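Subject: Structure handover and notes

Hello,

Below is the structure you will be taking over.

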Amino acid sequence: PKKTVVITGASSGLGLAAAKALAEQGWQVVMACRDFQKAEKAAKEAGMDPENYQVMHCDLASKQSVRNFVQTFRTQYQSLDALVCNAAVYFPNAHKEGVFLPGLFPGGGPRWSAEGHEMSFAANYLGHFLLCNLLLEDLKKSAPRGTARCVILGTVTATVNGSELGGMIPPLAHVGNFEGLEQGMKAPVTMLDGGAFDGAKAYKDSKVCDVMLMKELHRRFHKETGIVFTSLYPGCIAETGLFREHYPVFQNLFPAFHKTVTKAYVSQEEAGKRLAAVVADDRYGTSGSYYSWEGEAGTGGGGGQDAVSNTDKDFDWFMNYGSFRTLSIDEIGGEAGDDQRCSKLWELSEKLVA
Ligand code: NDP
């Protein structure tokens, strides 16, 4: 039978590219999307074979929607081989409270989920927390076949490893001791550390939580269930919808900056293949790992234990584009390195989704 993967936020960018890559490898891809019409159109335009995918509605910024998704999924699928927590929103710096220049900087200030939580936290992290918890049952059923994986997207800006330029650009992630979360993360509280709203920081904080979620899932469930939990920084996919609300000048310069300065640039198609490999390839099967893409061919590969060696000729794309550096669970740094904080986040999150 075909293997089944659920990918959240598969209507654009990395999620769509990974959906296409996995569908082409014979997976059944369930595209869990908030806008199913957009997702359907995107899948068709990407040339995906309707035999290999199904769009299902799932808005991660609503607990009820996540629960409904899981129910619907179970009516059609007996088990789940892989879950990819990919969906995310990013409201750039312009969205500071009080900064509002019509036309140039749309919006301004925080936005809210169905339950009234700050949106980056709710969609990027909390919805995934609930989804992972609910789908554990379904993943467990595939674990005896040795295929069960849960991959949660991280990012260099979550600063899990103090050595990369992308993780040093302010505003830095700072979840603190979850002072804001302890107060419920509802208005007027907008930030996990209880500080003033900053859209870019809210995104980074939410991604720290995503890495913490992966670690906690590993700690709590890997041994008992056999499910492999990993996280991935795919490189900077500078042209995705993630930056859709940034200033036009930023959108134009951002790809060039990452091509030349950080050398972290990666195309959507390429990043999709990387994510697909972390889902499907045996070499990415160590639970608790954080796979961080580094460098273009020839510039990366230094340090750490490489999950895939630079001399592996099986993967053309890999040879062409660079390498992953693997951080084992104990090497994951920054705030996500603090086990006590990971546990605290889990406990506070349980209360919010109860
Ligand atoms: P995109 O904006 O292209 O894709 C994000 C996806 O998430 C879209 O499909 C979007 O849906 C979906 N989404 C947003 N909110 C919700 C919600 N409430 N419920 C369901 N789906 C939702 O961004 P990317 O492809 O760049 O980002 C994908 C992942 O990669 C993210 O986790 C991001 O943090 C990570 N990443 C990206 C990097 C980059 O350089 N781009 C670098 C490092 C990590 P819709 O189409 O309806 O808007």
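In these notes, buried means under 20% relative accessible area, exposed means over 50%, and partly exposed is in between, with a 1.4 Å probe and protein chains only. Helices (H or I, at least four residues) and strands (E, at least two) are DSSP runs, numbered from the N terminus. By that cut-off, α6 is mostly covered, with 22 of its 27 residues buried.

The model is predicted: local features need pLDDT of at least 70, side-chain atom pairs count only at pLDDT 80 or more, and totals for chains, interfaces and linings use all residues. Residues are numbered from 1 along each chain as its sequence is written, and side-chain values use heavy atoms, with hydrogens and water left out.

Helix α6

The expected span of a helix is 1.5 Å times one less than its number of residues.

At the start of α6, a side-chain oxygen of D198 comes within 3.1 Å of the backbone nitrogen of A200. This is a polar contact, a pair of N or O atoms within 3.5 Å; within protein, one must be able to donate a hydrogen and the other to accept it, and residues adjacent in sequence count only if both atoms are side-chain atoms. After α6 comes G226, with a positive phi near 80°.

Helix α4

α4 covers residues 119-140, and its 22 residues should span 32 Å at 1.5 Å a residue; its end C-alpha atoms are 30 Å apart, which agrees. α4 bends by about 35° at L134. Of its 22 residues, 18 are buried, so α4 is mostly covered by the cut-off above.

Ligand site

There are 32 residues around the ligand, and S11, K38, N86, Y203 and T240 come nearest. A residue is near a molecule or strand if one of its heavy atoms lies within 4 Å of it. The shell divides into 16 nonpolar, ten polar and six charged residues. Here Ala, Val, Leu, Ile, Met, Phe, Trp, Tyr, Cys and Pro count as nonpolar, Asp, Glu, Lys and Arg as charged, and the others, Gly among them, as polar. α1 (13-24) and α6 (199-225) each supply at least two residues of this shell.

Which atoms of the ligand lie 2.7 Å and 2.9 Å from polar protein atoms? An oxygen atom of the ligand is 2.7 Å from a polar side-chain atom of R34, and a nitrogen atom of the ligand is 2.9 Å from a polar backbone atom of L60. In Y203, a side-chain N or O atom is 2.6 Å from an oxygen atom of the ligand. The protein covers 98% of the 890 Å² of accessible area that the ligand has on its own, with areas from the Shrake-Rupley method and a 1.4 Å probe; for residues, only the protein chains shown count as cover.

Loops around α5

F178 lies in the loop between β5 (149-153) and α5. Its phi is near 60°, a positive value in a residue other than glycine, and F178 counts as buried because its relative accessibility is 0%.

The loop between α5 (179-182) and α6 holds P188, and the peptide bond from A187 to P188 is cis, with omega near 5°. M185 is in the loop between α5 and α6 and has a positive phi near 55°; M185 is buried, at 1% relative accessible area. D193 lies in the loop between α5 and α6 and is buried, at 18%.

Regards

Conventions:
The bend at a residue is the angle between axes fitted to the seven residues ending there and the seven starting there.
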